[in-house]
Amino acid sequence: MSLGENIKVKRRELKLSQEYVAEQLGVSRQAVSKWETDQSEPTTKNLIELAEIFHISLSELIDPQKHHVEQVTQQHKQREKGNNAKLLCCRWLGYIFLITGYSGYVGYYNSGLSGYYWITVFALGIVLLVITSIRYFKEVQIKPLQFFGGLILICSVFFLPGILPLQNGLNVLISHIIAFGMVALLNLKYWRFVWDSRD
């Protein structure tokens, strides 16, 4: 679509007359007619004012196809950012559920809640981690340091509380600090770059 055709389409969409547009711009009706038939082109100042009259951006007025492509691309990016934010959140929740569910089930918390409750929390964590891992490893390959960090995380959740010779829950607290420290490190070093949700 040419610039002139686009001006005509936008004017007719808003049910504006050539006389009204000409009056708003301080030009003759014949000038508007020439723009719409591509016999002449409006000045930059006229284009800016036309965009304001039609309530559209200048790029949409000058090149509607390019504007449409930009709009679709922007919408796709916004959707991706939303999905990435959800995946990152699910990854964090997965680790939180995994750590708290396992710790509760083996009796590290004196909560009085049944083992079924903690197993459910633990299973939910596993499900979230599996889903996010499938998505993550479609986009990148695991790196050696990342693999080592994951091993430390697993050991700190499942084995460290039993190994540390501390009393009064200090062993669990230290293992949790290490586990969540590793989760934060993996996020800062790897996940956030793959699942970028920033503007």
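**Exercise 1.** Find out whether Glu19 is buried, partly exposed or exposed, and which residue it pairs with.

*Solution.* Start with the relative accessible area of Glu19, which is 46%. Buried means under 20%, exposed over 50%, and partly exposed in between (1.4 Å probe, protein chains only). Glu19 is therefore partly exposed. Next, look for its partner: Glu19 forms a salt bridge with Arg29 at 3.8 Å, N to O. A salt bridge here is a side-chain nitrogen of Lys or Arg within 4 Å of a carboxyl oxygen of Asp or Glu. Helices are DSSP runs of H or I with at least four residues, numbered from the N terminus.

A word on the model: it is predicted, so local features need pLDDT of at least 70 and side-chain atom pairs pLDDT 80 or more, while totals for chains, interfaces and linings use all residues. Residues are numbered from 1 along each chain as its sequence is written, and side-chain values use heavy atoms, leaving out hydrogens and water.

**Exercise 2.** Work out which parts of the chain the salt bridge of Glu60 and Lys10 ties together.

*Solution.* First, the side chains of Glu60 and Lys10 meet at 3.5 Å, N to O. Glu60 belongs to helix α5 (residues 58–62) and Lys10 to helix α1 (residues 3–13), so the bridge ties together parts 50 residues apart in sequence. Then check the cover: Lys10 is buried, at 13% relative accessibility.

**Exercise 3.** Describe how Glu49 and Lys45 are arranged.

*Solution.* Their closest N and O atoms are 2.9 Å apart, in a salt bridge. Both lie in helix α4 (residues 44–54), four residues apart, so about one helical turn separates them. Lys45 is exposed, at 54% relative accessibility.

Key. Helices (H or I, at least four residues) and strands (E, at least two) are DSSP runs, numbered from the N terminus.
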